[in-house]
Amino acid sequence: MSTKRTEKPKKKARSADADSQRIVEAARAHFFSHGFRSVTMDDLADELGISKKTLYAHFPSKIALLEAVLADKFAGVQAKLKEVTRAYPHDFSTALHELLSNTQRELDEIKPPFVRDMRQKAPHVFKMVERRRAELIERHFGKLFVEGQRTGMVRRDIPAKLMIEILLTMVQGIMNPPKMQELEMTPKEGFTGIIKIVLEGALIRKGQRL
């Protein structure tokens with residue numbers, strides 16, 4: 001008897017989680033491509049074939065849904081970067097290539113309308129994005145730079161912590177909605193340019209000794 005009573009709440013919880021994830025995935029596709037200002041909760045409810053009341057039962061506001069979409073995005077990025085770091089602990093070149101490829105692929109999903117809306121409608125949410133982004137860069141690229149120094153592929157005359165601090169400062173200064181709009185660049189283009197500049201100054205060229 002007690003087993004049956006405990007199974008029902010678990011099934012309901014799993015069902016609710018699945019419904020929430022379905023909503024997040026639909027919102028993510030629209031928000032990142034078209035911006036979240038032009039997508040209404042009514043639009044999402046119609047597309048998902050649910051009532052607006054049901055949608056609000058999972059997410060009480062569009063901002064709450066936006067936060068869930070970003071949390072889902074960061075969870076995916078974190079899992080992929082962690083997988084790369086674990087897969088190539090002592091292979092600097094491969095780890096660097098995989099980290100950059102995965103990061104750029106994730107950034108490619110985010111289009112200019114979303115960056116614009118973040119600036120205008122949810123600056124407080126973007127602050128959270130900046131913080132989470134800095135944590136990921138520091139954790140994964142920081143470890144990589146240290147490993148690169150150990151293997152002689154990254155110059156040792158500059159502390160790895162300083163390289164990461166320079167990278168973080170450049171990312172924060174450039175990859176924000178006003179600057180991205182001013183430069184007419186996508187997040188992927190901005191990040192690619194920053195990484196190229198930082199790494200070309202950090203990597204040891206063939207025959208160079210430092």
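**Note on selected features of the model**

1. Pro-112 counts as partly exposed, because its relative accessibility is 42% (buried means under 20% relative accessible area, exposed over 50%, partly exposed in between, with a 1.4 Å probe and protein chains only). Pro-112 lies in helix H6 (helices are DSSP runs of H or I with at least four residues, numbered from the N terminus). Between Pro-112 and Met-185 there are 7.8 Å in space, C-alpha to C-alpha, although the two are 73 residues apart in sequence.

2. On the basis of this note: the model is predicted, local features need pLDDT of at least 70, side-chain atom pairs count only at pLDDT 80 or more, and totals for chains, interfaces and linings use all residues. Residues are numbered from 1 along each chain as its sequence is written, and side-chain values use heavy atoms, with hydrogens and water left out.

3. Phe-32 is buried, with a relative accessible area of 0%, and Phe-114 counts as buried at 4%. Ring pairs link Phe-31, Phe-32, Phe-36 and Phe-114 into a cluster.

4. Arg-133, in helix H7 (residues 123–150), is buried yet has no salt bridge (a side-chain nitrogen of Lys or Arg within 4 Å of a carboxyl oxygen of Asp or Glu). The nearest side chain of opposite charge, Glu-130, is 4.1 Å away. A polar atom of the Arg-133 side chain lies 3.0 Å from the backbone oxygen of Met-175. Leaving aside residues up to four places away in sequence, Arg-133 touches Phe-74, Phe-126, Val-171, Gln-172 and Met-175 (contact means heavy atoms within 4.5 Å).

5. Helix H4 (residues 62–87) has 26 residues and reaches 38 Å from its first C-alpha to its last, close to the 38 Å expected at 1.5 Å a residue (the expected span is 1.5 Å times one less than the number of residues). Its buried residues include Lys-73 and Phe-74.

Key
Helices (H or I, at least four residues) and strands (E, at least two) are DSSP runs, numbered from the N terminus. Lys and Arg count as positive and Asp and Glu as negative; His and the chain ends are not counted. A polar contact is a pair of N or O atoms within 3.5 Å; within protein, one must be able to donate a hydrogen and the other to accept it, and residues adjacent in sequence count only if both atoms are side-chain atoms. Rings of Phe, Tyr and Trp (its six-membered ring) pair if their centres lie within 6.5 Å; planes under 30 degrees apart count as stacked, over 60 as edge-to-face and the rest as tilted.
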